[in-house]
Amino acid sequence: MDIRYLQSFVAVVEHGSFAEAARRLGLTPAAIAARVKALEDELDTVLVRRAGRTVLPTQAGLKILPKARAVARDVRDLRAVANDDTLLGELRLGVSTSALTGLLPPVLERLYAAHPQLKIYVEPGSSSHLYRRIVAGELDAGIIVAPQFAIPKAFEWRPLVEEPFIVLAPPRMGNRHPHELLATEPFIRYDRGMWGGMLADRYLHEHNIVPQERLEIDSLNAIAAMVHRGIGVSLVPDWTPPWPEGLQLARVPLPRPAPVRKVGLLWSPHAPHAALSRLFLEQALRSAGRRRR
């Protein structure tokens, strides 16, 4: 069996389309489809099916998916070991969407300066989704928002940054009380399905603020752009820059004590790639300490 067939199958399932899998692997969609078909022929069963524009695994595909992922990862680890005798394997790192541009780049800059041959796979997503992937052993570690519950004892959580909540408003409203803004102006809600959005919702309830809700969305950058356009105000964490360029915004602080969104690294000291996670954590803590100064 050609390992590339398995890699292509895993990519199609993880990204939901032949086109996206092809983009990630640097191939054409036709080549990816041919590889998956060859794997199906070899296993004598259908592994994926189309559902509109999405490609989904069949029951047979779901059955072999964990093993296929493990084999594909073992092959990447072999390549990494062959090219670097000090850092074993590939670090599979989940990164929450808002941390991709703010927290992650300076850490990688430091990490690659010290270990240029290090192999890292980055999977973006919401903190709740990445948390489940880490606990299931499908990712080694993740930069995520602090869970709102106790984590399993086999895992460790290390905070990297604290982001106090603010009211985001057009500049002309910057001198008004934040609670008045939240109660009287059209409100753009930070998605309550996000852990940060849950903190914002809890603050509104605790202060008996009933906002004039206009829409709910999970993208902080999109919220900032909408506030800039005068669509409404929002209650969001003052997230680590960079922010979208060219926006005119007032960042109105809340009365103390304001809620804080904590972002940090979740990892397992006992996982197969714990040494890589520990190395990443060391550089992340140094980067975070430098930012606080």
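So, Ile 143: skipping neighbours within four places in sequence, Ile 143 is in contact (heavy atoms within 4.5 Å) with Gly 94, Val 95, Ser 96, Ala 99, Leu 103, Leu 104, Val 263, Gly 264, Leu 265 and Phe 280. Bear in mind this is a predicted model, where local features need pLDDT of at least 70 and side-chain atom pairs count only at pLDDT 80 or more, while totals for chains, interfaces and linings use all residues. Residues are numbered from 1 along each chain as its sequence is written, and side-chain values use heavy atoms, leaving out hydrogens and water.

Okay, the core. The largest nonpolar core has 34 residues, and Ile 143 is among those with the most contacts inside it, as are Leu 93, Leu 104, Ile 120, Leu 265 and Phe 280. By nonpolar core I mean buried Ala, Val, Leu, Ile, Met, Phe, Trp, Tyr and Cys residues joined through side-chain atoms within 4.5 Å; buried is under 20% relative accessible area, exposed over 50%, with a 1.4 Å probe and protein chains only. Helix H10 (274–292) gives the most, seven residues. Helices are DSSP runs of H or I, at least four residues, and strands are E runs of at least two, numbered from the N terminus.

Now H5, residues 104–114. Which residues of H5 are buried? Leu 104, Val 107, Leu 108 and Leu 111. They sit on the same side of H5, because they cover an arc of only 95° around the axis, taken from the directions from the helix axis to the C-beta atoms. The face turned away carries exposed Glu 109 and Ala 113.
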